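Visitor: Good morning. May we go through this model together?

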Amino acid sequence: MKPIWMTGLAALLVCAPMGLSSASASSELQTLPADQSDLAPYRWDRRVVLIFANSEADPQFRAARKMVTAQADGVAERDITVLADTAPNAGGALRDKLGVDGFRMLLIGKDGGVKMDRAEPIPVETLFATIDAMPMRQREMRAD
């Protein structure tokens with residue numbers, strides 16, 4: 001699969017919200033602003049988990065948020081930034097380009113490739129196992 005930065009989506013991916021560094025090391029869930037259009041600062045530095053839902057009250061969104069925030073140490077250890085879009089009427093360019101309708105959760109690797117794309121919450125254990133099996137993560141663990 002072609003890295004997401006090399007596709008037409010490159011200009012649509014988003015950075016962290018105002019007040020935070022674009023490659024923020026925060027393991028907290030951050031809002032995916034509709035007007036942000038560049039994910040380049042994350043490349044080779046952060047893995048990104050994108051969570052889309054129709055509202056913050058969506059049961060799948062709440063489950064995904066709970067799983068990710070409960071494992072904040074593991075999220076931080078794996079250099080993951082979690083971005084959420086729960087406002088489908090805000091006209092988010094990435095949501096439109098991906099054709100997101102309802103809940104969707106994606107894992108994007110440091111290389112920009114989409115590693116997982118699901119219509120249901122991805123268990124944190126699955127995210128971690130997927131990341132931990134990646135060659136880049138293997139190198140990171142040996143370097144620690």
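Visitor: Which residue in β5 does Met-105 stand opposite?
Guide: Met-105 stands opposite Arg-118 in β5. This is a predicted model, in which local features need pLDDT of at least 70 and side-chain atom pairs pLDDT 80 or more, while totals for chains, interfaces and linings use all residues. Residues are numbered from 1 along each chain as its sequence is written, and side-chain values use heavy atoms, without hydrogens and water.

Visitor: How do β4 and β5 run, and how many bridges join them?
Guide: They run antiparallel, and four bridges join β4 (residues 104-108) to β5. Strands are DSSP runs of E of at least two residues, and helices runs of H or I of at least four, numbered from the N terminus. Two strands pair if DSSP finds at least two bridges between them.

Visitor: And what is the strand order in the sheet?
Guide: Five strands form an open sheet, ordered β1-β3-β2-β4-β5, with mixed pairing. β1 and β5 (114-118) are the edge strands, each pairing on one side only.

Visitor: Changing topic, where is Asp-79?
Guide: Asp-79 is in the loop between α2 (72-77) and β3 (80-85). Asp-79 has a positive phi of about 60 degrees although it is not a glycine.

Visitor: Is Asp-79 buried, partly exposed or exposed?
Guide: Asp-79 counts as partly exposed because its relative accessibility is 21%. Buried means under 20% relative accessible area, exposed over 50%, and partly exposed in between (1.4 Å probe, protein chains only).

Visitor: Where is Trp-44?
Guide: Trp-44 is in the loop between β1 (29-31) and β2 (47-52), and has a positive phi of about 70 degrees.
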